[in-house]
Amino acid sequence: NWLHVAFTDPNIGAAASGWVMTGCVELPPDLRLSAVPVNADLPDADVTNIASETLAALYAAPILSPVDESLRNVFERGQALGYAANRVTKVGDSVSYNPLYLAPLAAGDYDLGPYDYLTETAAFFAPGIETRSAAAKIGLTAFSVFDPAWASPRYCKDDETPLACEYRRTQPSIAFIMFGTNDSGVLNSEQFDQQLRQIVAETLTLGIIPV
C-alpha cells in the first residue's frame, strides 16, 4: 500500500524522498509491484506522535487483520462439510446486488496492472465467485436478511431466510458482507450492531469466513 519514492524536487533542484500511498501516485504502466522490494526493517509509524485522537485510533488499527487459529478452524469446518475452498458469495443490499460487483473478476475480464502479485490469488478465486446471490438484493437490510419474505422463490425453500438459502445453495468458503445504506433509516446503531453480529455468528457457525 505504500511506496518509498525518491526524486529530485523541481522547485529547489534537491533530492527528496518519502513514503506515499499507491492510490496517490500515478503508477507507470510498465511497473510491476512484484519486482519492488518489500521493506521489512522500518517500523510502523508511532501513533503517539499523532495529535488527533480520532486519527490516532484510525491509524492504530492494522491494515490487514491477523488471521488467528480460530478462523483457520472455521475454514476447516467448511471444508469438512464439502464447501469449495475458492467459493465466494456476497451478502448485502443494492451495492452488493449490483451485477458489476465482482463480475469482471468472475468472468476473467480484468487486468491487474502493477498489482501482478495478485495473479495467483485472482486465478484461484475467480472461477468460484457467485455473482447472483440470493442474499444480495435491492432494499435488503441486516434485519430483513433473516426474513423469509425476502427470500427468492426461484432459489429458496419455504420459510428459508435469504441468508440461509444462499449459504445452502452455494456452500461458499467466504462471504463478502456489506450492509448499512438501508439500515440507517430503519435501525439504530445498537440494533444494527446486533443484527450484523447475528449475520457473522451464523456465517461462522456454518464454516464460512465472513469478510
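# Burial, strands and packing in a predicted chain

Colleague: What is the relative accessible area of Ser144?
Modeller: The model is predicted, so local features need pLDDT of at least 70 and side-chain atom pairs count only at pLDDT 80 or more, while totals for chains, interfaces and linings use all residues. Residues are numbered from 1 along each chain as its sequence is written, and side-chain values use heavy atoms, with hydrogens and water left out. Buried means under 20% relative accessible area, exposed over 50% and partly exposed in between, with a 1.4 Å probe and protein chains only. Ser144 falls in the buried class, and its relative accessible area is 6%.

Colleague: Is Glu53 buried or exposed?
Modeller: Glu53 is placed in helix H1, residues 53-60. Its C-alpha atom is 28 Å from that of Ser17, which is 36 residues away along the chain. With a relative accessible area of 71%, Glu53 is exposed.

Colleague: Which residue in E2 is the bridge partner of Asp9?
Modeller: Strand E1 (residues 2-9) and strand E2 (residues 14-21) run antiparallel and are joined by eight bridges; two strands pair if DSSP finds at least two bridges between them. E1 and E2 make a hairpin with four residues between them, and Gly13 in the turn has a positive phi of about 70 degrees. The E2 partner of Asp9 is Ala14.

Colleague: Which strands stand at the edges of the open sheet, and why is one side of each left without a neighbour?
Modeller: The open sheet has three strands with parallel pairing, in the order E3-E4-E5. Each edge strand has a single partner strand, so one side of each lacks a neighbour in the sheet; these are strands E3 (88-92) and E5 (209-210).

Colleague: What angle does the direction of H6 make with that of E3?
Modeller: Helix H6 (residues 162-170) packs on the sheet and touches E3 and E4. Axes are lines fitted to C-alpha atoms, for helices over the stretch in contact, and angles run from 0 to 180 degrees between N-to-C directions. The angle between H6 and E3 is about 170 degrees.

Colleague: Which residue in E4 is the bridge partner of Lys90?
Modeller: E3 pairs with strand E4 (residues 174-178) in the parallel sense over five bridges. E4 also pairs with E5, over two bridges, where Ile174 stands opposite Ile209. The E4 partner of Lys90 is Phe176.

Colleague: How many residues of E3 are buried?
Modeller: Both faces of E3 are covered, with Val88, Lys90 and Gly92 buried on one side and Thr89 and Val91 on the other. E3 is largely enclosed by the rest of the structure, because its buried residues number five of the five.

Colleague: Which elements do the buried residues of H6 pack against?
Modeller: Buried residues in H6 are Pro162, Leu163, Cys165, Glu166, Tyr167 and Thr170. After H6 comes Gln171, with a positive phi near 45 degrees. The buried residues of H6 pack against E3, E4 and helix H7 (189-205).

Colleague: What is the radius of gyration of the chain?
Modeller: The chain has seven helices and five strands. For 211 residues the globule rule gives 17 Å, and the chain is well over that, so it is more spread out than a compact globule. The radius is taken over C-alpha atoms, and the rule is 2.2 Å times the number of residues to the power 0.38. For this chain the value is 21 Å.

Key. Contact = heavy atoms within 4.5 Å.
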